[in-house]
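Thanks for coming. I will go through one model this morning, a piece at a time, and then stop.

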Amino acid sequence: MKISVIGCGYLGAVHAAAMASIGHDVIGVDVDVRKVEALSNAKAPFFEPGLPELLAAGVANGNLRFTTDISEVQGARIHFIGVGTPQQRGGYAADLTYVNAAVDALVPFLSPGDIVAGKSTVPVGTAEQLASRVSAAGATLVWNPEFLREGWAVQDTIDPDRLVVGVPAGAAGEDAAQALRELYYPATDKGTPFIVTDYATAELVKVSANAFLATKISFINAMAEIAEVTGADVTQLADAIGHDARIGRRFLGAGIGFGGGCLPKDIRAFAARAEELGKGESVGFLREVDAINLRRRERAVELVSLALDGSVYGRKVTVLGAAFKPHSDDIRDSPALDVAVRLHGLGAVVTVTDPEAIENARRAHPQLGFEEDRDTALRGAEAVVVVTEWDEYRKNLDPVAAGELVDKRVVVDGRNCLDPTQWRAAGWTYFGMGRP
Ligand code: UGA
């Protein structure tokens, strides 16, 4: 099928490359000349496992092209909108500038019978508002939210756990749903749930899924706060409640909390939208979820300070991790980097290391010290803080060998990803999040 993808950021670039890899003819459009140049040369503008290979294959076999010229979308049957919806400056609501601009730019080049499929995460009610602009061109608007996780984006796009399409009532909506079912054939053929619904439900599925995940993380982090004043161990607590299939262990990882380009801004936008709808109290708990989450970053800083006898001022602290999670170089609203920035603000001499995110982190926070090599970063440290659970720190860092490098064997495990017994046996003073 011939398709276009408007917006080649995280979502769009992966979608374009993944659709090309399953045999579709894809044109990706972006206003950023440098991004288009990079993608056209099969270079991924961010770190995502598996993406470089798909880009290389798609560009080489001609299934995948990128352009800044939106008129080149003509002839495509489905046009995906994958532009960003960041948090508004000075507010919590989502900024829809890029979605509106994408629709405006696209409409003159639509042909009757085309399908416009929104993928961006938008406040409920957005599709309804955009629909008439699309139908005026004889095309049909559908909303097809994306559930990919960074680090697993390729797999999540080609083989998602469900597909959701919000369509308008009537034959045009049914035809559009059928076209998407065909487009996603590797998944739909094998019986992946394909849910056809209305616009509002499709939009809400996306934000409520992220709200639920954020709530689950903040729930366990709230339990960590209680564990801290009672001497309980939140990781054992999570294991124990996680055995209940109704609860489940996934996303019960207590630590410095969630970050990234999605969860934080999505729960805020959801709360803001609910307030506009006069239902602020229905998701009032999301403010609490946000507050718990931010408190845990502060707690990690507090632990470092405690470990250093009350002050980090002038002390050498090595921060292991900068990305908001492993397998990513994304530092948007990264709790890891936030901890580093807070420590620096309190006068600590901070050295940050990360396998992939140093370049992005340095650009955003040039005031911090950076070191590519993990072992060099550890040399002379008076405290080590683990803030992103990369295998390099979680699995492949030997506490005995690390102990030889540092000045003081003090470790704060901001992700509860180390084995306290092992680290203590190697002479370290170990601090976890919600663990004795
Ligand atoms: C999230 C959702 O998981 C995706 O389903 C969704 O499509 C995506 O947002 C989006 O809206 O685009 P992502 O931002 O890639 O995906 O990251 P997650 O894997 O959800 O992790 C989010 C944050 O939660 C990370 O900072 C992670 O370290 C943290 N986390 C995760 C915890 O603190 N504890 C856990 O148990 C799990």
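To start, in which loop does Asp309 lie? Asp309 sits in the loop between helix 12, residues 285-307, and strand 9, residues 316-320. Before I go on, please keep in mind that this is a predicted model.

Asp309 is not a glycine, yet its phi is positive, about 60 degrees. Most residues other than glycine have a negative phi.

Phe251 is another residue to look at for its backbone. Phe251 has a positive phi of about 65 degrees and is not a glycine. Its place is the loop between helix 10, residues 234-242, and helix 11. With 37% relative accessibility, Phe251 is classed as partly exposed.

There is also Ala42, which follows helix 2 and has a positive phi near 60 degrees. At the N-terminal end of helix 2, residues 33-40, the cap is Asp32. A side-chain oxygen of Asp32 lies 3.0 Å from the backbone nitrogen of Arg34.

Now the ligand. How many residues are around the ligand, and which come nearest? There are 21 residues around the ligand, and the nearest are Leu148, Glu150, Lys206, Asn210 and Gly253. By type, the shell divides into 10 nonpolar, four polar and seven charged residues.

Turning to the helices, helix 9, residues 199-230, and helix 11, residues 263-276, each supply at least two residues of the shell. Helix 9 gives the most, with four residues.

Next, the backbone contacts to the ligand. A polar backbone atom of Leu148 is 2.7 Å from an oxygen atom of the ligand. Glu150 has a backbone N or O atom 2.7 Å from a ligand oxygen. For Gly259, a backbone N or O atom is 3.1 Å from an oxygen atom of the ligand. Taken alone, the ligand exposes 710 Å², and the protein buries 88% of that.

Back to Leu148 for a moment. Leu148 is in the loop between strand 6, residues 140-143, and helix 6, residues 153-158. Is Leu148 buried or exposed? Leu148 has 17% relative accessibility, and therefore counts as buried. Leu148 and His15 are 133 residues apart along the chain, and their C-alpha atoms are separated by 9.7 Å.

Another buried residue is Thr67, at 8% relative accessibility. Thr67 belongs to strand 3, residues 64-67. Its side chain reaches the backbone nitrogen of Asp69 at 2.9 Å.

Last, the cysteines. How many disulfides does the structure hold? The structure holds zero disulfides. Cys8 is in no disulfide, and the nearest cysteine sulfur to Cys8 is that of Cys262, 17 Å away. A disulfide here needs two cysteine sulfur atoms within 2.5 Å. Cys8 is buried, at 0% relative accessibility, whereas Cys262 is partly exposed, with a relative accessible area of 35%.

That is what I have for today.

Key: Residues numbered from 1 in each chain as written. Predicted model: local features only at pLDDT ≥ 70, side-chain atom pairs only at ≥ 80, totals over all residues. Heavy atoms only, no water. Buried < 20%, exposed > 50% of the residue type's maximum accessible area, 1.4 Å probe, protein only. Near = heavy atom within 4 Å. Polar contact = N/O pair within 3.5 Å; in protein donor to acceptor, adjacent residues only side chain to side chain. Areas by Shrake-Rupley, 256 points an atom, 1.4 Å probe, with all protein chains shown as cover. Nonpolar A, V, L, I, M, F, W, Y, C, P; charged D, E, K, R; others polar.
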